[in-house]
Amino acid sequence: MTEKIRQIHADSGVVYGSPRVPAVLRREGAATGRKRVERLMCEAGLHGISPRRSERG
């Protein structure tokens, strides 16, 4: 499972985090939850990138 998560993370340009990776896994037919993916990503040292807040001036 961790290798599949690594592949999805890499294919996303190292952008996808724990909310999007499980969605991709579900589309591909794997039954897994967000918390399990969070734990596996953390153990593998993988992190998603948060969108930047726009500054209002």
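**View 1. Crossing of helices H1 and H2 in the predicted model.** H1 passes H2 in a right-handed crossing. H1 covers residues 2-11 and H2 covers residues 20-27. Two packed helices are described by the angle between their axes and the distance between the axes. Here the angle is about 110°, and the axes lie 10 Å apart. H1 is therefore roughly perpendicular to H2, because angles of 65 to 115 degrees fall in that class.

**View 2. Residues at the contact of H1 with H2.** From H1, the residues shown are Lys4, Ile5 and Ile8. They meet Val21, Val24 and Leu25 of H2. By type, the residues of this contact comprise 5 nonpolar and 1 charged, with no polar ones.

**View 3. Ser12 in the loop between H1 and H2.** Ser12 has a relative accessibility of 19% and so counts as buried, the cut-off being under 20%. A polar atom of the Ser12 side chain lies 3.2 Å from the backbone nitrogen of Val15.

**View 4. Val14 in the loop between H1 and H2.** Most residues other than glycine have a negative phi. Val14 is not a glycine, yet its phi is positive, near 60°. The relative accessible area of Val14 is 42%, so this residue is partly exposed: the value lies between the limits of 20% for buried and 50% for exposed.

Notes:
Residues numbered from 1 in each chain as written. Predicted model: local features only at pLDDT ≥ 70, side-chain atom pairs only at ≥ 80, totals over all residues. Heavy atoms only, no water. Axes fitted to C-alpha atoms, helices over the stretch in contact; angles between N-to-C directions. Helix = DSSP H or I, 4+ residues; strand = E, 2+ residues; numbered from the N terminus. Parallel < 35°, antiparallel > 145°, perpendicular 65-115°, else oblique. Left-handed = near helix turned anticlockwise from the far one by under 90°. Contact = heavy atoms within 4.5 Å. Nonpolar A, V, L, I, M, F, W, Y, C, P; charged D, E, K, R; others polar. Buried < 20%, exposed > 50% of the residue type's maximum accessible area, 1.4 Å probe, protein only. Polar contact = N/O pair within 3.5 Å; in protein donor to acceptor, adjacent residues only side chain to side chain.
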